[in-house]
Number of protein chains: 2
Amino acid sequence: MTDRPSRVDSAALVSLVGAGPGDPELLTWRAIQRLQMADLVLYDGLVPRPVLQLAAQARHVSVARRAGDKVLTQGDVNDQMIAAARRGERVVRLKAGDPFVLGRGGEEALALAAAGVPFEIVPGVSSAVAAPALAGIPVTHRGMASGVLIVSGHDESAFAPALRSLAPHSVTLVVLMGFKMRESLRDVLIASGWRSITPVAVVVNASRPMQRTWIGTLETLDAASPVIEDDEPAAIIIGEVVTLATALDIATPLASEDTTWQPMTTPRL
Amino acid sequence: MTDRPSRVDSAALVSLVGAGPGDPELLTWRAIQRLQMADLVLYDGLVPRPVLQLAAQARHVSVARRAGDKVLTQGDVNDQMIAAARRGERVVRLKAGDPFVLGRGGEEALALAAAGVPFEIVPGVSSAVAAPALAGIPVTHRGMASGVLIVSGHDESAFAPALRSLAPHSVTLVVLMGFKMRESLRDVLIASGWRSITPVAVVVNASRPMQRTWIGTLETLDAASPVIEDDEPAAIIIGEVVTLATALDIATPLASEDTTWQPMTTPRL
């Protein structure tokens with residue numbers, strides 16, 4: 001694979017690249033190539049340092065909003081990408097997970113298209129699938145779930161309309177960026193007919209050294225709160241498939257207290 | 001990255017590996033490593049030859065069912081994985097897309113766990129996200145869709161319960177393995193209140209040289225039929241986000257005839 005000539009389309013000066021859930025080994029081969037050739041990398045706060053180190057020759061610009069930092073608006077990000085591309089630089093816009101799964105990659109792609117800047121999409125491994133998988137939970141499983149609904153949990157208006165209508169237990173639910181909204185999430189689902197004992201997992205820092213999994217139920221989701229920091233990425237998985245984590249011996253078994261934590265046991269960096 | 005020592009957990013003798021949508025450049029770095037070290041690779045029919053060529057030292061066993069071929073049952077696949085692992089061989093079970101997104105990876109993981117064979121999951125880029133992305137369609141987009149429902153389309157009982165209940169247009173729908181069931185899919189959605197003019201895309205052979213995209217509406221989904229072969233993987237994307245393919249200039253614009261095909265224009269093998 002390393003012997004092949006580069007297949008970069010020379011016309012694609014901006015690559016919107018999915019960085020995967022965090023572990024550099026879960027980058028795609030194309031993402032690695034783009035990082036190694038980049039002149040400028042614009043990255044989100046969730047992208048870990050070992051991934052950025054692949055872009056050794058590039059200028060790195062964080063677009064994360066953190067207390068005290070200068071805030072880079074979406075307009076600033078777009079302007080920087082467009083200006084660099086017009087100077088002939090190879091730009092990587094690196095996004096946690098996949099650029100098009102709750103990543104606002106579409107907005108940036110539209111800005112590039114409007115400016116006439118050539119770009120490409122490099123899909124990545126989404127945390128919505130990898131976080132449960134690395135905790136031993138298949139989001140679909142014959143006889144349990146033949147589908148999965150992935151929603152943003154950042155506010156109730158983002159998830160409530162779909163969740164209020166969906167037949168309870170008809171598919172697995174995965175909620176990203178929703179840990180702060182867990183009470184609202186629980187209330188919406190229980191009011192819509194989901195059983196309060198529906199199994200729930202919260203997978204924090206999926207694929208990273210600090211990965212850990214909480215297993216409980218909709219009713220006990222509150223109990224997960226003391227052990228998750230605000231800036232840690234968390235995926236919430238809701239449905240019968242969560243019970244498979246026990247059989248698959250990767251995540252912690254369903255404990256009688258409904259609240260247990262343990263570090264991941266799968267290979268990782 | 002290539003200089004790093006291998007991080008393979010020596011206890012993990014079977015790797016359930018997502019091969020991504022087809023393009024070898026969309027394999028993860030870990031998947032490439034596992035293939036290069038494998039003694040035995042069990043692969044589905046959808047995994048293309050260039051991906052298999054990475055496992056140059058391994059025996060290759062196809063588990064695909066094709067007319068005339070000897071049929072390898074799921075039990076046969078499990079038995080081969082377990083027997084090889086017990087001989088100390090490194091086994092890669094290679095699955096198109098992601099092993100846990102409609103890939104029956106959970107069943108194989110359970111069989112391995114029951115046999116006491118150590119295994120790991122290597123998540124992959126799911127076609128459910130990559131197929132629309134490579135056609136210029138973000139499955140989520142602010143103001144259009146804050147979630148995506150991924151379902152199997154292999155029979156009506158797999159998708160109808162969820163789709164009949166879901167509030168129309170509340171999320172993007174992605175249907176894998178559902179092209180044969182497109183009439184049933186259309187009927188279920190229109191009967192449930194989805195507008196007949198809802199934009200629909202069918203992306204065939206995503207990320208492969210023969211990738212192409214049909215764009216139409218729910219009502220005209222029948223018209224996509226003459227140009228898709230039975231053994232070509234197809235993803236159906238339903239929702240307002242399909243209209244972005246036009247603006248993103250990757251897929252074909254919405255044509256007045258509702259039926260147009262064109263080859264992909266993004267970089268590929």
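**Two chains, one interface**

Trainee: Leaving aside its neighbours within four places in sequence, which residues is B:R195 in contact with?
Mentor: This is a predicted model: local features need pLDDT of at least 70, side-chain atom pairs count only at pLDDT 80 or more, and totals for chains, interfaces and linings use all residues. Residues are numbered from 1 along each chain as its sequence is written, chains are lettered from A and ligands numbered from 1 in the order in which they are written, and side-chain values use heavy atoms, with hydrogens and water left out. Contact means heavy atoms within 4.5 Å. With those neighbours set aside, B:R195 is in contact with B:H169 and B:L218.

Trainee: How many residues does the contact take from chain A and from chain B, and what area is buried?
Mentor: The contact takes 67 residues from chain A and 68 residues from chain B. Buried area is the accessible area (1.4 Å probe) that two parts lose on being put together, summed over both. Carbon and sulfur atoms give 67% of it, and the total is about 5700 Å².

Trainee: How many salt bridges does the rule find across the interface?
Mentor: A salt bridge is a side-chain nitrogen of Lys or Arg within 4 Å of a carboxyl oxygen of Asp or Glu. A:R142 and B:E107 meet in one (3.0 Å, N to O). Across the interface of chain A and chain B, the rule's count is six.

Trainee: Why does the salt bridge of B:R30 and A:E25 join two chains?
Mentor: The two side chains meet at 2.9 Å, N to O. A:E25 lies in the loop between β1 (14-18) and α1 of chain A, and B:R30 in helix α1 (residues 29-37) of chain B, so the pair joins two chains.

Trainee: Which residue of β6(B) stands opposite A:I150?
Mentor: Two strands pair if DSSP finds at least two bridges between them. β6(A) and strand β6 (residues 147-152) of chain B pair in the antiparallel sense over five bridges. Opposite A:I150 stands B:V148.

Terms used: Helices (H or I, at least four residues) and strands (E, at least two) are DSSP runs, numbered from the N terminus.
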